[in-house]
Amino acid sequence: MLQNKANPTINKSTGLPRKRFYRARAHSNPLSDSHFPVPLSPSHVDYSLHYPQLFPSSDRSDGSKKIEFADIGCGFGGLLISLSTLFPETLMIGMELRDKVTEYVKERILGLRVANPGQYQNVSVVRTNSMKYIPNYFEKGQLSKMFFLFPDPHFKEKNHRRRVISPHLLDEYAYVLKVGGIIYTITDVEELGEWMKSCLQIHPMFEPLSETELDADPVVKLLSTATEEGQKVARNGGQTFQAVYRRIKPASQENS
């Protein structure tokens with residue numbers, strides 16, 4: 001508590017970080033070179049740094065459970081925090097390029113762990129460029145859910161290659177998603193919503209969830225309510241455009 005009193009970035013009453021000290025540009029250029037450590041392979045990801053209560057040692061040779069949910073461009077971590085208590089037995093991680101925002105999410109998780117003993121031990125965040133380094137973090141078929149909430153629309157056609165959903169990136173996402181795993185996307189930009197839906201629709205390894213499945217999935221309800229961006233859209237009476245797709249085996253592999 002003495003540390004919190006001396007640290008203006010921490011709220012004295014809640015022990016959580018004050019967001020105004022961690023503000024950053026809304027988006028970053030994912031094609032620029034950034035300098036941060038990247039694991040050589042998924043086996044080099046140190047789980048003890050992310051989930052110290054669950055993994056006291058960096059040695060994971062016992063084949064213990066692995067990260068299953070990845071929130072790509074996790075922002076201030078609203079979705080992760082909601083998912084952590086909804087799926088308390090599932091390891092999840094947010095991947096964020098902006099350093100100040102990543103630091104905020106780290107402090108937020110640490111504060112929640114202190115305030116709620118035994119909770120939020122299954123959630124973490126890492127500063128990285130997910131458009132470049134997804135295969136460094138996850139093995140083939142490791143993930144069961146991936147989230148892309150309110151990504152940068154990159155309006156100019158010459159910048160569409162920076163979009164986090166694209167045909168060639170979906171190849172990578174299909175690699176790390178297990179069969180039956182789900183990609184969740186949402187945006188308040190109609191053109192981007194159509195782009196993401198189109199990319200998923202034409203990809204041979206994804207199929208849309210049915211309306212019945214969407215209604216039954218508790219995660220779908222969080223897409224527009226759990227994040228700062230979603231709440232802002234709701235306050236302004238804006239529209240959102242979702243595309244939720246399942247990883248499948250392509251028809252050519254059905255009998256293999």
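User: Which way do the side chains of S2 point, and are they buried or exposed?
Analyst: Leu91, Ile93 and Met95 point one way from S2, while Met92, Gly94 and Glu96 point the other way. All are buried. Buried means under 20% relative accessible area, exposed means over 50%, and partly exposed lies in between (1.4 Å probe, protein chains only).

User: What kind of model is this, and how is it numbered?
Analyst: This is a predicted model: local features need pLDDT of at least 70, side-chain atom pairs count only at pLDDT 80 or more, and totals for chains, interfaces and linings use all residues. Residues are numbered from 1 along each chain as its sequence is written, and side-chain values use heavy atoms, with hydrogens and water left out.

User: What stands opposite Met95?
Analyst: Ile72 stands opposite Met95. In S3, the bridge partner of Met95 is Val126.

User: And Ile93, what is opposite that?
Analyst: Ala70.

User: Which helices take part in β-α-β units with S2?
Analyst: Helix H3 (residues 78-86) makes a right-handed unit with S1 and S2. Helix H4 (residues 99-115) makes a right-handed unit with S2 and S3. Right-handed means that, with the strands pointing away from the viewer, the path from the first strand over the helix to the second runs clockwise.

User: What is the strand order in the sheet?
Analyst: The order is S3-S2-S1-S4-S5-S7-S6. The sheet is open, has 7 strands and shows mixed pairing. The edge strands are S3 and S6 (206-208), each pairing on one side only. Neighbouring strands are turned by 20 degrees against each other on average, direction ignored.

User: What does H4 touch on the sheet?
Analyst: H4 packs on the sheet and touches S2 and S3, with its direction at about 160 degrees to that of S3. Helix H5 (residues 130-137) packs there too, touching S1, S2, S3 and S4 (143-149), at about 150 degrees to S2. Contact means heavy atoms within 4.5 Å. Axes are lines fitted to C-alpha atoms, for helices over the stretch in contact, and angles run from 0 to 180 degrees between N-to-C directions.

User: New topic. How many disulfides?
Analyst: The structure holds 0 disulfides, a disulfide being a pair of cysteine sulfur atoms within 2.5 Å. Cys74 is buried at 6% relative accessibility. Cys199 is buried at 7%.

User: How many aromatic pairs are there?
Analyst: The count is 10 aromatic pairs. Rings of Phe, Tyr and Trp (its six-membered ring) pair if their centres lie within 6.5 Å; planes under 30 degrees apart are stacked, over 60 edge-to-face, the rest tilted. Tyr47 and Phe55 have ring centres 5.2 Å apart and planes at 75 degrees, so the pair is edge-to-face. Tyr137 and Phe138 form a tilted pair, 6.3 Å centre to centre with 45 degrees between the planes.

User: Which rings link into a cluster?
Analyst: Phe69, Phe87, Phe147 and Tyr184.

Conventions
Helix = DSSP H or I, 4+ residues; strand = E, 2+ residues; numbered from the N terminus. Pairing = 2+ DSSP bridges.
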